[in-house]
Amino acid sequence: MFNSRAMQQQLDVQPGSPIFESGSSGICVMRLGSPLLIEEMESIVSFYFGRPTDYYVQMETSKYTTLVADAQDELNKRALARRLAADRHDVLRAILGSERIMVQSHLYLRATRPMRSGQESVGWHRESFYGSSVETAVNFWLPIINVTIENTLLYVPDSHLIPDEVIVTENEEDPTVQRGSAAHRIGLLYSPKRILSGVDFSTQRPFIAFPGEAAIFSGQLIHGAAVNRSDKIRFSADFRLIAAENLRTNKWHFASGKEYSRSCEDLAQHFRLSFVSMNSGFAGKSRYISRLVFLLD
Ligand SMILES: O=C(O)CCC(=O)C(=O)O
Ligand SMILES: [Fe+2]
């Protein structure tokens, strides 16, 4: 589906390179500083999804989305969005051009089952379709387990430069996703939009990022369509970041029950959180750790 030249071009995108300019593709891939963060996320996912894939493929959808929401809650209790942002604060400061970075309080866990019909993965979009973005916000996306070329996220290079007015969409209500349900909490859409015109999809490319790496991209980049053509569940996580100066409102985020964004500048707190996760296995001391994170949070 993708030629090797297209892949090579994405690999050339350097950490910290400007992502909002023309010719930048709108995306860059960077390595996380601490491998412990991805190990912790892998442990949590493995703990919740320890059975053979078939067990989950056959699971009734509302039961499955509740399980994903539970695993997502565990990641959020551990403040992983802010800890990941703090881990590469240097690159994010350069990309966002600010010393004060706000992090979405809620990290989404995507756990897309193989080849499900209906939307178990999000279709092509930019964040402004769903109201959670301004032009200067960026997305942080990272593979956790089983992300391959057959199920990774896709993007259209430089599409972040297309003005909103040029993109024509239509709404398709999805009766299977109730507002406020577990499915909605894990990022599935009750009113997804479909792009009718204004985007040339012929230049689409796959996100190539390996465990321990993260892709940072403009929230305006056209991305999505990660239909899972592999035979395993695809696990990845994502959240959004913005310079404090550009945040116009800090609205309530229903999925986390907190303000939409929190500052990631309290590094002392992040060091304490990282220290805790360094000295613990998930299984052994999880109750103690969760409580500590909750108190600090
Ligand atoms: O991973 C996915 O399927 C969707 C991710 C996404 O839309 C995002 O990171 O903004
Ligand atoms: Fe998105």
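This is a predicted model: local features need pLDDT of at least 70, side-chain atom pairs count only at pLDDT 80 or more; totals for chains, interfaces and linings use all residues.
Residues are numbered from 1 along each chain as its sequence is written, while chains are lettered from A and ligands numbered from 1 in the order in which they are written.

**Overall picture**

- The protein has nine helices and 14 strands; helices (H or I, at least four residues) and strands (E, at least two) are DSSP runs, numbered from the N terminus.
- Of its 297 residues, 39% count as buried. A residue is buried if 20 or more other C-beta atoms lie within 10 Å of its own, exposed if 12 or fewer, and partly exposed in between, with C-beta atoms placed from the backbone.
- Among contacts between residues at least 6 apart in sequence, 82% join residues at least 24 apart. Two residues are in contact if their C-beta atoms, placed from the backbone, lie within 7 Å.

**Around ligand 1**

- The shell around ligand 1 is made up of R110, S121, V122, N139, W141, L153, H223, G224, A226, S236 and D238; a residue is near a molecule if its C-beta atom, placed from the backbone, lies within 6 Å of it.
- At least two residues of this shell come from each of β4 (138-145), β10 (223-224) and β11 (234-243).
- By type, the shell has four nonpolar, five polar and two charged residues. Here Ala, Val, Leu, Ile, Met, Phe, Trp, Tyr, Cys and Pro count as nonpolar, Asp, Glu, Lys and Arg as charged, and the others, Gly among them, as polar.

**Helix α4**

- Helix α4 (residues 61-77) has 17 residues and should span 24 Å at 1.5 Å a residue, which agrees with the 24 Å between its end C-alpha atoms. The expected span is 1.5 Å times one less than the number of residues.
- Its buried residues are Y64, T65, V68, A71, Q72, L75 and N76. Seen down the axis of α4, they fall within an arc of 145 degrees, so they line one face of the helix; the arc is that of the directions from the helix axis to the C-beta atoms.
- Those buried residues pack against α2 (35-48), α3 (53-57), α5 (80-87), β3 (108-112), α7 (182-185) and β11.

**Two alanines with positive phi**

- Most residues other than glycine have a negative phi.
- A79, in the loop between α4 and α5, has a positive phi near 50 degrees. A79 is buried, with 23 other C-beta atoms within 10 Å.
- A225, in the loop between β10 and β11, has a positive phi of about 55 degrees. A225 is partly exposed, with 16 other C-beta atoms within 10 Å.

**Strands worth a look**

- F239 lies in strand β11 and is buried, with 21 other C-beta atoms within 10 Å.
- Leaving out residues up to four places away in sequence, F239 touches A81, V103, Q104, H106, L107, Y108 and F140. Its C-alpha atom is 8.2 Å from that of S105, 134 residues apart along the chain.
- Strand β7 (residues 193-197) is hardly covered, as the count of buried residues among its five residues is zero.
- Strand β6 (residues 168-171) runs antiparallel to β7, joined by four bridges, and T169 stands opposite I195 in β7. Two strands pair if DSSP finds at least two bridges between them.
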